[in-house]
Amino acid sequence: MVEYRTFRNTDTPRLVAVWNEAFTHRGAPRLANNTLLERYVLSKPIFDPAGLFVAEQHGECLGWAHAAMSQNPFNTQPVGVVCLIGVRASHCRQGIGTELLRRCEQYLRERGAESLQAGGHWPNNPFYMGLYGGCDSPGFLKSDPLAEPFFLKHGYRIEQRILVLQRSLETPMKMFDPRFMALRNRFELQFGSPRRLLDWWHECVHGYVDPLQFVLHDRQSRGWVARTLVWEMEAFSVHWQRPTVGIFDFEVNAPYRRQSVGRYFLSLIMKYIQDQFFTLVELHLEETNTYGLNFLRSLDFEHVDTGQVFIRPI
């Protein structure tokens, strides 16, 4: 008989074992030990053991699931997130995932959730950035073949699709634009470890990947022109056997858009990354961002996967 309970401190090695058996696709690196799970999940101050559910039989962990409330301060209603569900391949299609999902949903309802979301995506991605999905949190990946039919079967619908885009840095970058000369004289690039991110929720979600902040400044006004965060995707680099860097939270200040500033800014960042001997760069963009997708495709970024965010009204 399968028994269900909440997380205990001694569970971590067994969670890792299930992870390595349940998540074998491109977007989930194999875990060599407990370190990454502890860093990106268990060590966070918002981690609640009551939201992580374990299914076991005769002392063996068969699967686990994790739910958490988003603490994004700008949400108009409380959002509960089913962050992850994993079941050993040998015990799939036996109702274990369904019961784990039910317990996650019950946990979220008891804590006031008015909307249920399956798959973390900014700003409702309290856990697993750095551990699942790539350079950011794109929801559940299509390369994870069990996720979509499972959530659709249980009453969820696809709310967002996020495209995972990558570009090799082993080939020449065709990024020249005649406007770059004037931009080079007008702007300067600065980067380093940020003393703090934009707010505490950014710190909680993004701070654990220890990003560098790149900022393009106007030489005259000293105001920011464009900014982004960049991090070394260590676990994914090992998984893909390619030194990889992720770029996220890319933003061009409104007055400077449609002036080739974004292209110039990204060219400087990618040149710096290439000089550090990284061979792959990854970004995520929502499927509806046509302008951004066309921009990245013009720079030879390739679509390698798709993340999907599922929602279910309560």
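Predicted model: local features only at pLDDT ≥ 70, side-chain atom pairs only at ≥ 80, totals over all residues.

Colleague: How do you know whether Cys61 is bonded to the closest cysteine sulfur?

Modeller: The closest cysteine sulfur to that of Cys61 belongs to Cys92, 13 Å away. A disulfide needs the two sulfur atoms within 2.5 Å, so this pair is too far for a bond. Cys204 is in no disulfide either, with its nearest cysteine sulfur, in Cys83, at 11 Å. The count for the model comes to zero disulfides.

Colleague: What makes the phi of Asp210 worth a remark?

Modeller: The phi of Asp210 is near 55°, which is positive, and Asp210 is not a glycine. Asp210 sits in the loop between α6 (200-206) and β9 (212-218). Its relative accessible area is 61%, and exposed means over 50%, so Asp210 is exposed.

Colleague: Where is Ser260, and is it buried or exposed?

Modeller: Ser260 is in the loop that runs between β11 (244-252) and α8 (261-275). Its relative accessible area is 11%, which is under 20%, so Ser260 is buried. Ser260 also has a positive phi, about 70°, without being a glycine.

Colleague: What kind of peptide bond joins Trp122 to Pro123?

Modeller: That bond is cis, with omega near 10°. Pro123 belongs to the loop between β5 (115-118) and β6 (140-141).

Colleague: How many residues are in the largest nonpolar core, and which have the most contacts inside it?

Modeller: The largest nonpolar core has 69 residues, and Trp19, Trp64, Tyr128 and Phe151 have the most contacts inside it. Residues that Trp19 touches include Trp64, Leu84, Tyr128 and Leu131. A second, separate core has 31 residues, among them Val230, Tyr256, Phe278 and Leu285. In soluble globular proteins, nonpolar side chains tend to be buried together.

Colleague: Why are the buried residues of α9 said to line one face of the helix?

Modeller: The buried residues of α9 (290-297) are Gly292, Leu293, Phe295 and Leu296. Viewed down the axis of α9, they fall within an arc of 160°, so they line one face. An α-helix has 3.6 residues a turn, so residues three or four places apart point the same way. The buried residues of α9 pack against β7 (157-168), α8 and β12 (280-286).

Colleague: How do you know whether the radius of gyration agrees with that of a compact globule?

Modeller: With 314 residues, a compact globule would have a radius of gyration near 20 Å; the protein chain has 20 Å, so the two agree. Its C-alpha atoms fill a box of roughly 70 × 40 × 35 Å along the principal axes. Of the residues, 53% count as buried.

Colleague: How many helices and strands does the protein chain have?

Modeller: The secondary structure comes to nine helices and 13 strands. Among contacts with a separation of 6 or more, 74% join residues 24 or more positions apart.

Conventions:
Residues numbered from 1 in each chain as written. Heavy atoms only, no water. Helix = DSSP H or I, 4+ residues; strand = E, 2+ residues; numbered from the N terminus. Buried < 20%, exposed > 50% of the residue type's maximum accessible area, 1.4 Å probe, protein only. Core = buried A, V, L, I, M, F, W, Y, C linked by side-chain atoms within 4.5 Å. Contact = heavy atoms within 4.5 Å. Arc of directions from axis to C-beta. Rg over C-alpha atoms; globule rule 2.2 N^0.38 Å.
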